[in-house]
Amino acid sequence: MPAENPNETIFSQLEAYGHKKVVFCSDPDTGLKAIIAIHDTTLGPALGGTRMWAYKTESEALQDVLRLSKSMTYKAAITGLNLGGGKAVIIGDSRKDKSEAMLRKFGRYIKNLNGEFITAVDVGTNPKDMEYIRMETQYVTGVPETIGGSGDPSPITALGVFMGIKACIKQLYGNDNLTGRSIIVQGIGHVGENLVKLLRDENAKVYASDINEERVSQVAKKYGAEVVSTNSIFDIGADIYSPCALGATINTETINKLQCPIIAGSANNQLENESVHGQMLLDKGILYAPDYVINAGGLINCYSELMGFSKKRTLQLTENIYEATRNVLKLSAAESISTIDAANKIAEKRITDIRKVKSTY
Ligand code: NAD
């Protein structure tokens, strides 16, 4: 960001991403420094998690919140939810800078948006933090189950990823049975472990990998998976590579090494560069299930909490990820465009169509 005229740069960034509103929250008494970004509310209130992170610079925090809130718009749109896209970041170290007062102050900023933005848990925040926000505003989801929340979204996220994997298998092999198929799961955390369970329940061969050696060996033993080291993932020939740890694991180097015809996992922002690597995967004939399409289970969980849906309805909505993924893969094949471009096209069409509905009557 050029120091001489930062305001101009902020507005040009908002214009480039297409944001509706960005709110800067500053409260020296509690140490709160936060940014709430509302990208689009055509389909409904902007819902997105609050991330707490020790960003090195304020412009890094702004970049993150703009990028993440835009992807929430697309995730809600393609999942068929009546939600817009938003996100919030709190600048600070979640292990030492957080306090009840800070989170309640942040809750008051959300309250003042009168329902235009609804938040949830993200990296660096937890259900207890959401409980503090709830003390000031009703516009928060992911509060503990004991006070009426939807609890840990990871099992639902894993189910959505599982449905996305099945849709890819169907596209390549004509049936979606995972028995005998092999899959590398990278990252055996909250989502990864639940995914390993679902895959093993259907007799898939699972290679599990995590930097936390103790955890990965425990989970592998529990479900009958094979542990593989983090640096041998791209040497293994398997049917599916499932990134469930970090973003940007799909880049020029890893695409050249990858020996799996399908990529489908939960991690956000898997492609280091959406257009370059989306196209590269298409050229190489590797089927990529766009991350935001198949990891929408967490968002569905929040939506269900808001709408008062039953567990059954939440599971139904999550199972719809199978059809959503099929539609993306079919459009990609029909128009010879990358799967990420196909997903973006479907999401944008829904938003444009509904915007017309709302503006014409
Ligand atoms: P988590 O923190 O519980 O698990 C991540 C795991 O990845 C950890 O066990 C960690 O040790 C491991 N890991 C980190 N770096 C690694 C590396 N280089 N190689 C192998 N393993 C590595 O997180 P989670 O809740 O399971 O989420 C996983 C991913 O899915 C994240 O990218 C998250 O943003 C995304 N996601 C999660 C949800 C959800 O409901 N939890 C929803 C949507 C998206």
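## Around the ligand

A backbone N or O atom of Val191 sits 2.8 Å from an oxygen atom of the ligand. This is a polar contact, meaning a pair of N or O atoms within 3.5 Å; within protein, one must be able to donate a hydrogen and the other to accept it, and residues adjacent in sequence count only if both atoms are side-chain atoms. Before going on, please note that this is a predicted model, in which local features need pLDDT of at least 70, side-chain atom pairs count only at pLDDT 80 or more, and totals for chains, interfaces and linings use all residues. Residues are numbered from 1 along each chain as its sequence is written, and side-chain values use heavy atoms, with hydrogens and water left out.

Side chains reach ligand oxygen atoms as well: a polar side-chain atom of Asn268 lies 3.1 Å from one, and a polar side-chain atom of Asp210 lies 2.6 Å from one. On its own the ligand has 830 Å² of accessible area, of which the protein covers 73% (Shrake-Rupley method with a 1.4 Å probe; for residues, only the protein chains shown count as cover). Two or more residues of the shell come from each of α5 (154-173) and α6 (190-201); helices (H or I, at least four residues) and strands (E, at least two) are DSSP runs, numbered from the N terminus.

How many residues surround the ligand? There are 19, and the closest are Thr157, His190, Val191, Asp210 and Ser266; a residue is near if one of its heavy atoms lies within 4 Å. By class, the shell has eight nonpolar, 10 polar and one charged residues (Ala, Val, Leu, Ile, Met, Phe, Trp, Tyr, Cys and Pro count as nonpolar, Asp, Glu, Lys and Arg as charged, and the others, Gly among them, as polar).

## A lysine in helix α2

Lys75 belongs to helix α2 (residues 58-79). Is Lys75 buried or exposed? With a relative accessible area of 9%, Lys75 is buried (buried means under 20%, exposed over 50%, partly exposed in between, with a 1.4 Å probe and protein chains only). Leaving aside residues up to four places away in sequence, Lys75 touches Asn268, Tyr292, Asn295, Ala296 and Leu299, where contact means heavy atoms within 4.5 Å.

## Salt bridges

The whole structure holds 23 salt bridges, each a side-chain nitrogen of Lys or Arg within 4 Å of a carboxyl oxygen of Asp or Glu. Three of them are listed here.

| Pair | N to O distance |
|---|---|
| Asp122 and Arg51 | 2.6 Å |
| Lys166 and Glu202 | 2.8 Å |
| Lys197 and Asp201 | 2.9 Å |

Why does the pair of Asp122 and Arg51 tie together parts that are 71 residues apart in sequence? Because Asp122 lies in the loop between β5 (117-121) and α4 (127-134), while Arg51 lies in strand β3 (residues 46-53). Asp122 is buried at 17% relative accessible area, and Arg51 is buried at 14%.

Lys166 is in helix α5 and Glu202 in the loop between α6 and β7 (205-209), so this pair joins parts 36 residues apart in sequence. Lys166 counts as buried, at 11% relative accessibility.

Lys197 and Asp201 are separated by about one helical turn because they are four residues apart in helix α6. Lys197 is partly exposed at 36% relative accessible area, whereas Asp201 is exposed at 54%. Finally, salt bridges that share partners join Arg51, Asp64, Arg67, Lys87 and Asp122 into one network.
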